[in-house]
Amino acid sequence: MYYDFGKDVISVISANEFDILKVVIKNMINVFSKNSLFSTTVVDANNFFDEFDYLMTYLNGNYNELIDALTKMNDSIQSVLAENNMNYKSIDYFTNNLIVIIGFEKFYGKLDDEHKKSLHKIFADNKEKPKISFVFFDLPSVFKKYESEEWYKNNYDNTNGIWIGPGLGQQFVIKAISVSSSLSTLTPEYGIVIKKGNAATVKVINEIK
């Protein structure tokens with residue numbers, strides 16, 4: 001199934017246990033590493049990888065410095081947009097950037113207040129036509145903490161996302177129009193891709209690179 005991670009500024013991939021996400025993370029990083037549409041950065045806040053041998057930028061620290069670099073990039077994009085009356089075609093030549101964050105809570109918790117505000121601005125500036133997009137891997141309980149915050153409500157479309165394994169009907173981070181009992185009781189070998197609230201079941205690739 002095709003899922004456009006560049007369409008939304010924030011995409012969420014979640015499950016009711018982090019262990020369920022492990023195979024998915026490894027295989028999706030492998031897929032991202034072969035995708036020429038994005039310049040991908042992997043932020044491993046959970047120290048998930050013992051060794052990282054993919055051809056992309058990898059970070060497990062210095063998160064404030066990452067936000068500084070993204071802010072500089074975003075400022076250049078916004079400057080070009082302002083000079084061209086917000087014509088989004090004017091920024092087509094900028095590289096599409098995908099920031100994959102494994103363990104959003106640990107990443108976000110290590111940002112100081114100034115850099116959190118800078119991150120929120122990057123979200124807001126890239127909401128309409130993202131040149132910087134984010135994929136968050138973490139548990140529903142993590143995202144629930146931010147449901148009432150403006151940056152979360154304004155920039156995350158919870159009718160889009162990917163849920164792995166059982167428990168879709170017992171969480172509200174990713175919302176489907178209707179959830180049958182069969183979707184709520186899936187085994188971890190299956191995922192649910194949700195687009196505009198419509199849910200489709202997919203078989204998860206379970207071969208680890």
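Let me start with Val-173, which touches Val-12, Pro-140, Phe-143, Tyr-152, Tyr-156 and Asn-158, leaving out residues up to four places away in sequence. Contact here means heavy atoms within 4.5 Å. A word on the source: this is a predicted model, where local features need pLDDT of at least 70 and side-chain atom pairs count only at pLDDT 80 or more, while totals for chains, interfaces and linings use all residues. Residues are numbered from 1 along each chain as its sequence is written, and side-chain values use heavy atoms, with hydrogens and water left out.

Back to Val-173. The residue sits in the loop between strand S6 (161-164) and helix H7 (181-184). Helices (H or I, at least four residues) and strands (E, at least two) are DSSP runs, numbered from the N terminus. Is Val-173 buried or exposed? Val-173 counts as buried because its relative accessible area is 2%; the cut-offs are under 20% for buried, over 50% for exposed, and partly exposed in between, with a 1.4 Å probe and protein chains only. Ile-91 lies 82 residues from Val-173 along the chain, and their C-alpha atoms are separated by 31 Å.

Another loop residue is Ser-148, found between helix H5 (140-144) and helix H6 (150-155). Ser-148 has a relative accessible area of 60%, so this residue is exposed. From Ser-148 to Thr-95 the distance is 32 Å, C-alpha to C-alpha, at 53 residues apart in sequence.

Now helix H2, residues 63-83, which holds Gln-78. Asn-74 is placed in helix H2 as well. Asn-74 has 1% relative accessibility and therefore counts as buried. Which residues is Asn-74 in contact with, leaving aside neighbours within four places in sequence? They are Lys-121, Ile-122, Asp-125, Asn-126 and Ile-132. As for Gln-78, a relative accessible area of 17% means that Gln-78 is buried.

Next, the strands. Strand S2 covers residues 39-44, and five of its six residues are buried. Which way do S2 and strand S4 (residues 97-102) run, parallel or antiparallel? They run parallel, joined by six bridges; two strands pair if DSSP finds at least two bridges between them. Within that pairing, Val-42 has Val-100 of S4 as its bridge partner. S2 is also joined to strand S3 (residues 57-59), by three bridges and again in parallel. There, Val-43 is bridged to Leu-59 in S3.

Finally, the chain as a whole. How many helices and strands are there? The chain has seven helices and eight strands. Of its 209 residues, 48% count as buried. The C-alpha atoms fill a box of roughly 50 × 40 × 35 Å along the principal axes. The radius of gyration is 17 Å, which agrees with a compact globule because 209 residues would give a value near 17 Å; the radius is taken over C-alpha atoms, and the globule rule is 2.2 Å times the number of residues to the power 0.38. Among contacts with a separation of 6 or more, 66% are between residues 24 or more positions apart.
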